[in-house]
Amino acid sequence: FEVEERGALLTAYTSREHGFYQLQSHVSGSPYPNGGGVVNWAVDFLSDLVLWPLLDPEAFEQERYTIWREAEEVANDAHETLLDCLHAAVFPGDGYGRVILGDRVSLAHLSRSALQNYHQSHFVPSAMVLCAAGNVDHAALVDAASKVSLRSPSPAVPAQPKPASAPPSNFTNFRPTTAHLSWRKRDPRASGPQVHIAVALEGAGWAAVDLPALLVAQELLGAWDDSQTVPSMASTSAPVLAAFLGRSQHAVKQIQPFHAVYGPQSLFGSRVSASLNHDRFDAEVLAQEYIQALRAVFCSPTAHTALAAAVPAAAARLATQLAAPASASELNEFSAQHFLANRDADGPRKLAAAVASVTSSDVVRAISSRLDAGCIAVVSISETLGTASWKASVGEPEILAAISEIAGHGTLS
C-alpha cells in the first residue's frame with residue numbers, strides 16, 4: 001500500500017543468474033532538490049524489502065502456489081519450453097541448465113527455513129548492486145545508500161563464493177548436441193501443429209573480445225513473423241533472414257534471435273517455428289537449413305564484401321541503443337548485469353564504444369570460427385496430439401533426465 005499511495009511501481013523478476021528488484025517513482029513535486037526525499041524513501045524501502053524480508057509463513061505458501069501456476073503457464077508455452085530444453089542440453093548438471101521456476105519436486109519440498117538460509121547466505125551487500133536512473137542526484141543516492149542498515153551472512157550459514165570460472169557446459173570440448181521432443185501440447189494461437197527449433201552457437205562473456213562482434217551479428221540475424229511481415233521485406237539489414245527464407249522448404253511461421261550472456265560465456269542464435277508436415281525429420285532439416293544460411297552469410301568468400309554496408313549500419317544502431325536505452329529500467333538492468341560481471345561502473349559506455357567500432361571482418365571472424373569449430377547446439381520440439389516422448393542423440397543421462405522434467409509427463413528413448 002505504501003508504494004501505491006506514492007504513485008510508485010514495484011517490480012521484481014529472477015533470471016538464471018540474477019534477481020532484480022526495482023522501484024519506479026516520480027520526483028516531480030518533491031519538496032527536496034532533485035527528488036532527494038523520494039530517493040531516500042526508495043532506497044530505504046528497497047533495502048528493507050531485499051535485506052530484511054519477513055518471509056511470513058502464510059505468504060510463503062501463497063507464493064509457492066503462485067510460482068506453481070506460473071510454472072504451468074511456462075510449460076504450456078512452446079518457445080519458453082524450447083529455450084529451457086536448450087539450456088538443459090548445453091549446461092547439464094549446472095544451475096544454468098535448470099528451469100528458473102524450479103521443478104515440481106523442488107518446489108513442493110522447499111521449506112521456509114531453507115529459503116531463510118539461502119537468503120542469509122546470498123542476499124548480502126557484496127553480491128548486490130544499487131543502480132538509479134532518471135532525475136536523480138548522485139550525492140543524494142550515495143547518502144541514502146550510506147544509511148542502509150546492512151548485515152553480514154549468518155555465521156551458521158557461510159556465504160558461498162561465486163565461482164570465478166565458467167560453469168561446466170557442453171561448450172567445453174564441444175561436440176554437436178541435438179535433442180528432440182514430441183510435445184503433446186499445442187499452441188492455441190497456431191493454425192496447426194508446428195515444429196520449433198533453437199540453433200545456438202557458443203557465445204562470449206561480458207569481458208570477451210568477441211562480445212561486441214556477436215552483439216552486432218545478432219542484429220544481422222533478423223526477426224520474422226509471417227502474420228506481420230511480407231517475404232519481400234527481408235532486406236540487406238537482415239541477411240541471415242533473407243538467406244534462410246530463400247532456401248527453406250518449410251512453411252516458416254516465426255524467427256526470433258536470442259543472445260543470453262552469462263558472465264564468462266553466452267548462447268547466441270535463433271529460434272525458428274514452422275508448420276509440421278508429419279515428417280519425423282522436419283526438425284533436423286529445418287535446423288540444417290538455418291545453419292546453411294549462417295554459413296552462406298558469414299563463411300562465403302564474399303562475406304566481407306556482402307556485409308560491408310550492413311555491419312556499420314547495425315553497429316551504429318546498436319551502439320546508440322546501448323548508450324541510451326529506451327527506458328530507465330533497461331538502463332538499470334544493463335548497468336547492474338555488466339557491473340556484477342566486470343566490476344566496472346563505466347562498462348556499459350565502453351561496450352557501446354566497442355560496438356560502434358565493430359567491422360565486417362570482426363563479425364565474419366567471430367561467427368565463422370564458431371561454425372568451423374562445430375560449436376553448435378540444436379534442440380527442437382514438435383507439437384503432436386500423441387503421448388509426449390523425447391528422442392535424443394545426446395548420450396548423457398542427466399541431460400535426458402533434465403529435459404524429461406521440463407517436458408512433464410514424457411518418456412525417454
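1. Two strands pair if DSSP finds at least two bridges between them. Strands are DSSP runs of E, at least two residues long, and helices are runs of H or I, at least four residues long, with numbering from the N terminus. On that basis, β1 (residues 9–14) and β2 (residues 19–24) pair in the antiparallel sense over 6 bridges. A hairpin of 4 residues joins β1 to β2. L10 stands opposite L23 in β2.

2. A word on the basis of these remarks. This is a predicted model: local features need pLDDT of at least 70, side-chain atom pairs count only at pLDDT 80 or more, and totals for chains, interfaces and linings use all residues. Residues are numbered from 1 along each chain as its sequence is written, and side-chain values use heavy atoms, with hydrogens and water left out.

3. The surface carries a patch of negative charge. E2, E4, E5, D44 and D48 gather there. The elements that give two or more residues to the negative patch are α1 (2–5) and α2 (36–51). α1 gives the most, with 3 residues. Patch members have over 30% relative accessible area and no salt bridge; like charges are joined within 9 Å, and nonpolar side chains (Val, Leu, Ile, Met, Phe, Trp, Tyr) within 5 Å. Asp and Glu count as negative, Lys and Arg as positive; His and the chain ends are not counted. A charge is placed at NZ of Lys, CZ of Arg, CG of Asp or CD of Glu.

4. E5 lies in helix α1. Is E5 buried or exposed? E5 is exposed, at a relative accessible area of 70%. Here buried means under 20% relative accessible area, exposed over 50%, and partly exposed in between (1.4 Å probe, protein chains only).

5. There is also a nonpolar patch on the surface. L10, Y21 and L49 form this patch, with about 240 Å² of accessible area together. Areas come from the Shrake-Rupley method with a 1.4 Å probe; for residues, only the protein chains shown count as cover. L49 lies in helix α2. L49 counts as partly exposed because its relative accessibility is 36%.

6. Next, the salt bridges. A search of the whole structure finds 9 of them. The criterion is a side-chain nitrogen of Lys or Arg within 4 Å of a carboxyl oxygen of Asp or Glu. Side chains of opposite charge can pair when their charged atoms come close.

7. E72 forms a salt bridge with R69; the closest N and O atoms are 3.9 Å apart. Both residues lie in helix α3 (residues 57–75), 3 residues apart, about one turn of the helix. E72 is partly exposed, at 38% relative accessible area. R69 is also partly exposed, at 40%.

8. D210 forms a salt bridge with R370, with 3.0 Å between the closest N and O atoms. D210 lies in the loop between β4 (194–202) and α8 (211–221), and R370 in helix α15 (residues 360–372), so the pair ties together parts that are 160 residues apart in sequence. Both D210 and R370 are buried. A network of salt bridges links D210, R365 and R370.

9. R317 and E219 meet through their side chains in a salt bridge (3.5 Å, N to O). R317 lies in helix α12 (residues 310–323) and E219 in helix α8, so the pair ties together parts that are 98 residues apart in sequence. R317 counts as partly exposed at 35% relative accessibility. E219 is partly exposed, with a relative accessible area of 24%.

10. E70 is worth a look in helix α3. E70 counts as partly exposed, at 34% relative accessibility. The C-alpha atoms of E70 and L101 are separated by 7.9 Å, and the two residues are 31 apart along the chain.

11. How many residues of strand β7 (residues 265–275) are buried? The count is 11 of its 11 residues. Both faces are covered: one side holds Q265, L267, G269, R271, S273 and S275, the other S266, F268, S270, V272 and A274.

12. β7 has antiparallel partners. 9 bridges join β4 to β7, and I197 stands opposite V272 in β7. Strand β6 (residues 252–262) is joined to β7 by 10 bridges, also antiparallel. Q254 has S273 in β7 as its bridge partner. The hairpin of β6 and β7 has 2 residues between the strands, and G263 there takes a positive phi near 55°.
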